[in-house]
Amino acid sequence: MKLQSTIFFTLFGLLVAFSAGGQSYNFVNYSISDGLVHDRIVDLCTDHYGNLWAATLGGGISRFNGESFENITIKDGLASNYVRTVMVDRRGRLWAATAEGISIYDGSEFTNFRVSMEDDHNSVHTLFEDSNGNIWFSSFGGNLGRISRDGQRIDFLDFPKISDNDNIIDIEEDSHGRIWLVSSIQGMIVYEDDTFRTVLENKEFGGFLLSIQNRRDTLWLGTNKGIIRYLPEQTEHPVEFLNGMRNMFIKSIHVIDRNNFWAVSATGIYNYRNGQLRMFGSDQGFTDEGVNVILCDRENNLWFGTDGDGLYQLNSELFLHYNEDHGLTREAVTSIIRDSENNYWFGTFGDGLYQLSGDGIRSFNDNPLVHNKYVSSSIMDKEKRIWFGLQLEGLLVYEEGTFRNIGEEDGFMFTGVRSLFCDSDGRIWIGTVQGLAMYDGQQFHHFTVADGLFDNIIWGISEPEHGRVMIVTREGFNYFQDDRLTEGYYHPEVFNKRINVAIQDNYGNFWIGYSGHGIIRINEETGNYEYITDENGLHSNLIYNLMIEEKTGDIIVGTERGVLRLSLDSSGQIEHIKNYMSNEVFSDLQTLPHSIYQEADGSLWFGTEQGVFKYQPEYYRINEHEPIVYVSDVKLDYHEVDWNEYADSVTTWHKLPYDLDLSYKENNIIVRYFGNSLKNPDQVRYKFRLVGLDDQWSPETVSSEAAFTNLSPGDYRFEVIAANSDGIWNEEPATFAFSIIPPFWQRPWFFVALLVYFIIMITLYNNYRVRSNLNKILTIEKIRQEEQGKVRKRMARDFHDNMGNQLASITMFTNLISLKLKDRTEEVDQLLKNIEKHSKSLFTGTKDFIWSIDPESDNLDNLYTYIKDFGEELFENTEIAFYSDILGDLREGIDLPSGWSRQLVLIFKEAMTNTLKHGGATEVYFHLELNDTGFVLILEDNGNGFDMEEVSKGNGLRNMRSRADQIGGEFVISSTPGTGTRIRFTGQLAKATLKNKVKNMLNKKQQS
């Protein structure tokens, strides 16, 4: 293939263009002293949590979260401490190419495997994950392999290597799924459709390839002859050499876009941006050690792994630094001004003047007017003269290469100059410790407290609007307007603190910086004010400088701890406070009072104890990348816990338990969380809440720990969000859910059990009470029944003895009268027979009555026997056959309620008598049937029967039904003419049986 060299850059200029100039950039160095495992870093990557991983040759791997390093070595399971490549796959696993094979770390443990049985070929050089999730690797000896996404299969691909020294040293993929390989001997090879094809041979350009990077399907190749751009889709002239970097040894390239890329060379690192090429070394705040790798993280921080000087970070190019290393004095820089020839003048505290030009930094201390002077301030007037205020003397003016002093002979009567200002009309204002002076081009005018100044010590002069000059003193503000000095703003509460600086913004607000009390903003019209202090986000309350940034209108604040920005909204209210910390600005940026200068392009210069800093607003970018926030640890009562003892499983990376259930005694929980932002990790802020305890977010805090004590049982979900240094909050919170199990006496089943228990106890108590009352009633009833039984027995005996004897006597006397009356008439005879008949009837009725009132008759057995005997006796001398039987087991002791026996005897005697008189039957059956609830008495015959409608009107049936109703029984008569008659009585004894059982139980207790 014939290489076509085209001009990619118009001009890179001369060799001097390769220098980044005589200034330092804010490179932050991390070394072993900071916790890095080894200073020789060969590869870098980031993981899903935003951490930076560094592979080292000899120390293992370091993980950096912006605040601290965690180191992993062979002691932790790594196959070897010599790691050449690190990579995090899509599943979040870390892959390490080591001298002893490949190590895979899933956040919990390592899995190691060898790629060759030969020790010399087991050292892995390169790892790469393709779009399908397959892992490609190459090892020394020319081996090329591919591990399937599921890790179940390893394929070794037979690429056309020339020898065992022909190793694959880099791998890339394009959007078409083609795999691009860099061979150490052959050049660039493409793997497509299971076929290898060489597309660029080393011999074609007389060098060899070193690296490859794909940027939007343009391949950027690092070679020992410079940088090549390869366009795979371009059939003609697909190869372009970048002329500006021809014949440079380019180890690797990091491409941001076509007009911005970084290159690692054998002589250092280079950055091409918008037509300018810069080289970085120790003079630019970097290192002269070799660089192995460049990485740009998700927040656009640049990281450099060096070959012996550890890790470097370039967060931003927002600030440049000039100090003693660049030729500046070691004394504090107290004033800055730029002249008409674009030279910068630096006034110092006791070391005179220095000038920064295209030739570098020059000192003017060889001039006796400048030597060892204490310069407090400087300006350039409309005639391009430079005015310098001297703290111990008067004024010094530089014009056309010459310095001259201005003092009393020139009409300037004050000394101790503190501030200088040139207004829009070209007048020079001089603030001193003795008062205020103004030079109108012809003469000096002086003002003191006698002329209306609040105080003779002038702290600042500015022009909020054309023709209105504001003079700041510590006792109040004066204005010079319309050629006269007037009193401006004054409020005793505002001016009772030491004021260092004050300005007025475009909204009419005063901004006053205090010495130790932060900033106060005052609305001139309303007089309303508010304080802005470290409680609102300032990193210091000692305010030295306030400046309105011309392009944005934001307030730039200089303090003894650095610089910060107050971003204002369209109404002039503070929208966000941005503190520039060590990652974005130099750690020793400590501004000095009034040592600040703003250029027309918005650049700001700050004088400090350690030189000067330049703020470049064109590099100002809001970090739109929210922190990656996660819960990092959970503790109980500040103690480390093995969560495997509490849960079935834990997370791999942070060992947090899933579905955590804690006992009610373990209700003091500490949650640690982390918001990963490598740009400014010390400015990450958090808000959190514990859903289940309080749904409100906490106030903003920089603390990364939340403690919750004496939590009540319940379900909880901890949520935390984080904001980066530019106030960008993440939308989805990191969460951790857990439950505190209540004690058994607070669980639902316990309340159910308790309710059941109380119901049972109440039931038992009620049963006991009922049973107790029943026992009392039954005892009383038993006593009453016993007494009634005794009375009934005595009555039966007495009635039997008296009535029976009397009736027997009547019968006997009737017989004697019949025997003695010989001449009795038929009528007398009939009367005697009636007396005898009624006596016998009365005797029989008396016998039934006596039997019924006897308590022993209240028994089913006795009742059945009595009725059966009556039937047998009634039908004995008749043509009617009488049968009786019992269906069921007639147990002894089945008592009947009092009165039942008499009524049942009368019912069935009348029924049997009616059958004898009117039934015309030849057979009569009497049955007793027993069941679980009572008994049934049945009397049936095979007689003539009768019509129920006619007979039911008679008194006999009504009496039988009435007797049955009196004892609560069911009485049924069924009969039809010619089919006989059936009488059925059903008696329910359930209650009576229960009563008898209770009575029997009580009797047994009494007997025992």
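A salt bridge is taken here as a side-chain nitrogen of Lys or Arg within 4 Å of a carboxyl oxygen of Asp or Glu. The views that follow show a predicted model.

**Figure 1. Salt bridge between Glu-129 and Arg-90.** The side chains of Glu-129 and Arg-90 have an N to O distance of 3.9 Å, which falls within the 4 Å limit, so the pair counts as a salt bridge. Distant parts of the chain are linked by this pair, whose members lie 39 residues apart. Glu-129 belongs to strand S11 (residues 124–129), whereas Arg-90 sits in the loop between strand S7 (83–88) and strand S8 (94–98). Glu-129 counts as buried because its relative accessibility is 17%.

**Figure 2. Salt bridge between Glu-317 and Arg-278.** The closest N and O atoms of Glu-317 and Arg-278 are 2.5 Å apart.

**Figure 3. Salt bridge between Arg-63 and Glu-70.** In this pair, the closest N and O atoms are 2.2 Å apart. Arg-63 has a relative accessibility of 15% and therefore counts as buried. Glu-70, at 40% relative accessibility, counts as partly exposed.

**Figure 4. Network of salt bridges joining Asp-423, Asp-425, Arg-427 and Asp-483.** Salt bridges link these four residues, Arg-427 among them, in a network. For the model as a whole, the count comes to 37 salt bridges.

**Figure 5. Surface patch of negative charge formed by Asp-283, Asp-288, Glu-289 and Asp-325.** These acidic residues gather on the surface. Asp-325 lies in the loop between strand S30 (319–322) and strand S31 (333–338). Its relative accessibility is 69%, so Asp-325 counts as exposed.

**Figure 6. Overall context for the close-up views.** The secondary structure of the protein comprises seven helices and 69 strands. Of its 1008 residues, 51% count as buried. Among contacts between residues at least 6 apart in sequence, 53% join residues at least 24 apart. The protein exposes about 48,900 Å², of which carbon and sulfur atoms supply 47%.

Conventions:
Residues are numbered from 1 along each chain as its sequence is written. This is a predicted model: local features need pLDDT of at least 70, side-chain atom pairs count only at pLDDT 80 or more; totals for chains, interfaces and linings use all residues. Side-chain values use heavy atoms; hydrogens and water are left out. Patches are made of residues with over 30% relative accessible area and no salt bridge: like charges are joined within 9 Å, nonpolar side chains (Val, Leu, Ile, Met, Phe, Trp, Tyr) within 5 Å. Accessible areas come from the Shrake-Rupley method with a 1.4 Å probe; for residues, only the protein chains shown count as cover. Lys and Arg count as positive and Asp and Glu as negative; His and the chain ends are not counted. The place of a charge is taken as NZ of Lys, CZ of Arg, CG of Asp or CD of Glu. Helices (H or I, at least four residues) and strands (E, at least two) are DSSP runs, numbered from the N terminus. Buried means under 20% relative accessible area, exposed over 50%, partly exposed in between (1.4 Å probe, protein chains only). Contact means heavy atoms within 4.5 Å.
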